[in-house]
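Here is a short briefing on the structure shown below, meant to be read with your viewer open. It covers pockets, overall layout and helix packing.

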Amino acid sequence: MIKLLFAAVGSLGFGILFNANKNKLVFIAIGGFVNYLAYLISFYFTSTLFVSSLICAFVTLIYSELMAYVSKAPATIFILTGLIPSVPGASIFYMMQNLVIGDKTLALSSCVEACEIILGIVSGVALASVLIGLIKSFRKK
């Protein structure tokens, strides 16, 4: 539960940093919470970083589009801040740390982990964007 709270606070902090409207900050914090909750649930069932990152990015994009529609605001602010909890900062840090100290095996392991997460996020964003585009095009007809 603490991790979910910190995910929400982290997204909220980036919402403040990006100068989001004060009435959108609650939605932004909930977006970070939803992102990390989706990650935890999917990692529990799949135990793979790629699939978990894909699912949490997909869920975050769907949530962001819904919040953009409800609050009549651009989805970008919800997407960017909502994806913050899933950014592989620790993996990249450990990769660089291990490169500096000369442990290439651990550096490569951290690099692979970071790449799995990044590719999962990109795939989830692409999949959700295509789905949302299709839904929007059918609604116009």
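**Pockets**

The second largest pocket has a lining of 13 residues, and those nearest its centre are Tyr 39, Pro 85, Ser 86, Val 87 and Ile 117. Please keep in mind that this is a predicted model: local features need pLDDT of at least 70, side-chain atom pairs count only at pLDDT 80 or more, and totals for chains, interfaces and linings use all residues. Residues are numbered from 1 along each chain as its sequence is written, and side-chain values use heavy atoms, with hydrogens and water left out.

*Second largest pocket*

- Its space comes to about 210 Å³, where a volume is the space filled by probe spheres set on the grid points, joined across faces, edges and corners.
- A pocket here is an open set of points on a 1 Å grid over the protein atoms alone, where a 1.4 Å probe fits, with protein on both sides within 12 Å along at least five of seven lines; lining residues have an atom within 4 Å of a point.
- Helix 2, helix 3, helix 5 (89-101) and helix 6 are the elements that each give two or more residues to the lining of the second largest pocket.
- Helix 5 supplies the largest share of that lining, three residues.
- By class, the lining of the second largest pocket has eight nonpolar, four polar and one charged residues; Ala, Val, Leu, Ile, Met, Phe, Trp, Tyr, Cys and Pro count as nonpolar, Asp, Glu, Lys and Arg as charged, and the others, Gly among them, as polar.

*Largest pocket*

- The largest pocket holds about 270 Å³ of space.
- Its lining is made of Ile 62, Glu 65, Leu 66, Tyr 69, Ile 132, Ile 135, Lys 136 and Arg 139.
- Helix 3 (49-71) and helix 6 (104-140) are the elements giving two or more residues to this lining.
- Five of the lining residues of the largest pocket are nonpolar, none polar and three charged.

**Overall layout**

- The protein has six helices and zero strands; helices (H or I, at least four residues) and strands (E, at least two) are DSSP runs, numbered from the N terminus.
- Along the principal axes, the C-alpha atoms fill a box of roughly 55 × 35 × 25 Å.

**Helix packing**

*Helix 1 with helix 2*

- Helix 1 (residues 2-17) packs on helix 2 at an angle of about 140°, with the axes 7 Å apart; axes are lines fitted to C-alpha atoms, for helices over the stretch in contact, and angles run from 0 to 180 degrees between N-to-C directions.
- Helix 1 and helix 2 are therefore oblique to each other, given that angles under 35 degrees count as roughly parallel, over 145 as roughly antiparallel, 65 to 115 as roughly perpendicular and the rest as oblique.
- The contact (heavy atoms within 4.5 Å) includes Leu 4, Ala 8 and Leu 12 of helix 1 and Ile 28, Phe 33 and Leu 40 of helix 2.
- Twelve nonpolar, three polar and one charged residues make up the contact of helix 1 with helix 2.

*Helix 2 with helix 4*

- The axes of helix 2 (residues 25-46) and helix 4 (residues 75-82) cross at roughly 45° and come within 8 Å.
- Among the contact residues are Gly 31, Gly 32 and Asn 35 of helix 2 and Phe 78, Thr 81 and Gly 82 of helix 4.
- This contact of helix 2 with helix 4 has four nonpolar, five polar and no charged residues.

*Helix 3 with helix 6*

- The axes of helix 3 and helix 6 cross at roughly 40° and come within 7 Å.
- Their contact has 16 nonpolar, five polar and five charged residues.
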